[in-house]
Amino acid sequence: MGYIKAETVLPVEIIELIQEYVDGKNIYIPRKAKGRQQWGAGTQVKQELHIRNQQIYEDYLAGSKVAELASKYFLSEKSIQRILRTFRNCS
């Protein structure tokens, strides 16, 4: 996320008003509700994670232990267990 200088987009009066509350600090101004996207909507991350999780489940079915999977995929054992539970519930 890039930063925009307030002076380039806001009137001086608004900048002075904001300075009354947060002088010299960085603030985040969220999008309007209608402009928000769901997490991962702009990238392929959701699909990549689904493919990874499916591979974890297949490795588990092939005999890999939770601890082995955690080490192989650099995840905690709890995360592996959550992924396995999710796939079991979908089957």
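Which residues make up the largest nonpolar core? Good morning, colleagues. The core has 10 residues: Ile56, Tyr57, Val66, Leu69, Ala70, Tyr73, Ile80, Ile83, Leu84 and Phe87. By nonpolar core I mean a set of buried Ala, Val, Leu, Ile, Met, Phe, Trp, Tyr and Cys residues joined through side-chain atoms within 4.5 Å. Buried means under 20% relative accessible area, exposed over 50%, and partly exposed in between, with a 1.4 Å probe and protein chains only.

A word on the source. This is a predicted model, in which local features need pLDDT of at least 70 and side-chain atom pairs count only at pLDDT 80 or more, while totals for chains, interfaces and linings use all residues. Residues are numbered from 1 along each chain as its sequence is written, and side-chain values use heavy atoms, with hydrogens and water left out.

Two or more of its residues come from each of α3 (45–61), α4 (66–73) and α5 (77–90). These labels follow DSSP runs numbered from the N terminus, helices being H or I with at least four residues and strands E with at least two. Leaving aside neighbours within four places in sequence, Ile56 is in contact (heavy atoms within 4.5 Å) with Leu69, Tyr73, Leu75, Ile80, Ile83 and Leu84.

How many aromatic pairs does a search of the whole structure find? The search finds one. Tyr57 and Phe87 are stacked, at 5.4 Å centre to centre and 20 degrees between the planes. Rings of Phe, Tyr and Trp (its six-membered ring) pair if their centres lie within 6.5 Å; planes under 30 degrees apart count as stacked, over 60 as edge-to-face and the rest as tilted. Tyr57 in α3 and Phe87 in α5 are 30 residues apart, and both are buried.

Finally, the structure holds one salt bridge, a side-chain nitrogen of Lys or Arg within 4 Å of a carboxyl oxygen of Asp or Glu. Lys72 forms it with Asp59, the closest N and O atoms being 3.0 Å apart. The pair links helix α4 to helix α3, 13 residues apart. Asp59 is buried, with a relative accessible area of 11%.
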